[in-house]
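Please keep the sequence and the 3D view open while reading.

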Amino acid sequence: MNVSLVKLQYFVDVVDEGTFSKAALKNRIAQTSISQQIKELEQYYQCELIKRQQPVVMTQAGKVLYQNAKKVLQQFTLLEEQMEKAKNNQVELNIEYASIVDIQSLNLMLKGKNQPNFTLHKVVTNRVFELVIVYNKKYF
């Protein structure tokens, strides 16, 4: 018996959805399969993770697992994204500050090159403007 990303995802889904049946629907599997996966996690960690009521309630150990499982799953998603970019020889350049003129100039300069894999993303988070440039590094 071991811990897998799938089991962690099922556990997070049960907690997020509030019931085993909703988590099963979300993952398109039988409720008994979800229940079995959670039981295996409980056997592995030798403790109860969820109080089986509706909605489910995490035990203290369940809270620890939930918080860390979310981080592990997010980190794995990031790894998958980065590996996909690496596989395609793409690189991201994040510019923390630039005037709008700088951004427009950079955009024109980069588009002037023969860049089949060049994309420009403008992202605003927490009132911070980010410019993400993704390009194929073999052209630089």
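A salt bridge is taken here as a side-chain nitrogen of Lys or Arg within 4 Å of a carboxyl oxygen of Asp or Glu. Glu48 and Lys51 form such a pair, with their closest N and O atoms 3.2 Å apart. The model is a predicted one, and the values below should be read with that in mind.

**Salt bridges**

- The structure holds seven salt bridges, and several of them are described in the points that follow.
- In the pair formed by Glu48 and Lys51, Glu48 counts as partly exposed at 39% relative accessibility, and Lys51 is likewise partly exposed, with a relative accessible area of 38%.
- Asp16 and Lys70 meet through their side chains in a salt bridge with an N to O distance of 3.8 Å. Because Asp16 belongs to helix α1 and Lys70 to helix α4, this pair ties together parts that are 54 residues apart in sequence.
- Arg52 forms a salt bridge with Glu42, and the closest N and O atoms of the two are 3.0 Å apart. Arg52 lies in the loop between β1 and β2 while Glu42 lies in helix α3, so the pair ties together parts that are 10 residues apart in sequence.
- Within this pair, Arg52 is partly exposed, with a relative accessible area of 41%, whereas Glu42 is buried, with a relative accessible area of 12%.
- Asp13, Glu17 and Lys26 are linked to one another in a network of salt bridges.

**Overall fold**

- The secondary structure of the chain comes to five helices and five strands, and read along the sequence these follow the pattern α-α-α-β-β-α-β-α-β-β.
- Of the 140 residues in the chain, 28% count as buried.
- Among contacts in the chain with a separation of 6 or more, 52% are made by residues 24 or more positions apart.
- The accessible surface of the chain comes to about 9,700 Å², and carbon and sulfur atoms account for 51% of this area.

- The buried residues of α3 are Ile34, Gln37, Ile38, Glu40, Leu41 and Glu42, and what covers them includes α1 (5-17), α2 (20-27), β1 (50-51) and α4 (60-87).
- Just after α3, Gln46 takes a positive phi of about 55°.

**Two buried threonines in loops**

- Thr19 is found in the loop between α1 and α2, and at 10% relative accessibility Thr19 counts as buried, because the cut-off for that class is under 20%.
- A polar atom of the Thr19 side chain lies 3.0 Å from the backbone nitrogen of Lys22.
- Leaving aside neighbours within four places in sequence, Thr19 is in contact with Val14, Gln54 and Val56.
- Thr59 has its place in the loop between β2 (57-58) and α4, and at 13% relative accessibility Thr59 also counts as buried.
- A polar atom of the Thr59 side chain lies 2.6 Å from the backbone oxygen of Glu48.
- Leaving aside neighbours within four places in sequence, Thr59 is in contact with Glu48, Leu49, Ile50 and Lys51, and among these Glu48 and Lys51 are the partners of a salt bridge described above.

**Nonpolar surface patch**

- Leu5, Val72, Phe76, Leu79 and Met83 make a nonpolar surface patch of about 410 Å², and the largest share of this patch, four residues, comes from α4.
- Leu79, one of the patch residues, lies in helix α4 and is partly exposed, with a relative accessible area of 39%.

Terms used
Residues numbered from 1 in each chain as written. Predicted model: local features only at pLDDT ≥ 70, side-chain atom pairs only at ≥ 80, totals over all residues. Heavy atoms only, no water. Buried < 20%, exposed > 50% of the residue type's maximum accessible area, 1.4 Å probe, protein only. Contact = heavy atoms within 4.5 Å. Polar contact = N/O pair within 3.5 Å; in protein donor to acceptor, adjacent residues only side chain to side chain. Patch = residues over 30% accessible without salt bridge, like charges linked within 9 Å, V, L, I, M, F, W, Y side chains within 5 Å. Areas by Shrake-Rupley, 256 points an atom, 1.4 Å probe, with all protein chains shown as cover.
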